[in-house]
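Here's a quick briefing to read with the model open beside you. It starts with the overall picture and then moves on to rings, charges, core and hairpin.

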Amino acid sequence: MTLDESEMSLPNGNALCDILGGTHLLLIGGRKLETGQPLANIAFSDDIYSVELASGKVSLFGRLPTALGSHVSAIVDDQFLVVYGGTNGLRFFDSIMRYDTQTREWTLMTKQPSELVSSPFFSDGRIASCSD
């Protein structure tokens, strides 16, 4: 793999991955783990990296609005990256954010409904996902 000059090391911890256009793997947030470092001392990342599957070339694709890990993400219509929940190590999030890969802009889609504030389902920002 080759890194563009503006790149840092890739996250190899709990980054989320999605395939864009069948040609690029997106690595979204997570932590940049380093040998010998206690996990508690390693900050979450706001980086979104793109790995070109054919060549292995890595480049910075964008940035999350906040450093984030333990979230769920999906590519919708090969244009929108949708991210739900997660944590920055200090708090859990319950929001749904959408990143338009063409305009490179984030939109906050929603927060948890007020009537569900006391629900344990929404209390920690975690959700499971699956696809077929």
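If you take the contacts in the chain between residues at least 6 apart in sequence, 37% of them join residues at least 24 apart. Keep in mind that this is a predicted model. The chain has eight strands and zero helices.

**Overall picture**
- Going along the sequence, you read the pattern β-β-β-β-β-β-β-β.
- The chain has 132 residues, and 39% of them count as buried.
- Its accessible surface comes to about 7800 Å², with 54% of that belonging to carbon and sulfur atoms.

**Aromatic rings**
- The count of aromatic pairs comes to two.
- One of them is Phe61 with Tyr99, an edge-to-face pair with 6.2 Å centre to centre and 70 degrees between the planes.
- That pair links distant parts of the chain: Phe61 is in strand β4 (residues 58-63) and Tyr99 is in strand β7 (residues 96-100), 38 residues apart.
- Phe61 and Tyr99 are both buried.
- Tyr99 also pairs with Trp106: the ring centres are 4.8 Å apart and the planes are at 40 degrees, so this pair is tilted. An edge-to-face label would need planes over 60 degrees apart.
- Is Tyr99 buried or exposed? Its relative accessibility is 3%, so Tyr99 counts as buried, because the cut-off for buried is under 20%.
- Trp106, with a relative accessible area of 23%, is partly exposed.
- Put together, Phe61, Tyr99 and Trp106 make one aromatic cluster.

**Charges over rings**
- Phe61 turns up again here: the charged end of Arg104 sits over its ring, 4.4 Å from the centre.
- Over the ring of Phe44 you'll find the charged end of Arg31, 4.0 Å from the ring centre.

**Nonpolar core**
- The largest nonpolar core is made of 13 residues.
- Which residues have the most contacts inside it? They are Leu26, Ile48 and Leu81.
- The elements giving two or more residues to this core are β2 (24-28), β6 (80-84) and β7.

**The β5-β6 hairpin**
- Strand β5 (residues 72-76) pairs with β6 in the antiparallel sense, over five bridges.
- Val76 has Phe80 in β6 as its bridge partner.
- Three residues lie between β5 and β6 in this hairpin, and Asp77 in the turn has a positive phi of about 55 degrees.
- When you look at strands on screen, remember that side chains in a regular strand alternate between the two faces of the sheet.

How values were computed. Residues numbered from 1 in each chain as written. Predicted model: local features only at pLDDT ≥ 70, side-chain atom pairs only at ≥ 80, totals over all residues. Heavy atoms only, no water. Phe/Tyr/Trp six-rings, centres within 6.5 Å; stacked < 30°, edge-to-face > 60°. Helix = DSSP H or I, 4+ residues; strand = E, 2+ residues; numbered from the N terminus. Buried < 20%, exposed > 50% of the residue type's maximum accessible area, 1.4 Å probe, protein only. Lys NZ or Arg CZ within 6 Å of the ring centre and 35° of its normal. Core = buried A, V, L, I, M, F, W, Y, C linked by side-chain atoms within 4.5 Å. Pairing = 2+ DSSP bridges. Contact = heavy atoms within 4.5 Å. Areas by Shrake-Rupley, 256 points an atom, 1.4 Å probe, with all protein chains shown as cover.
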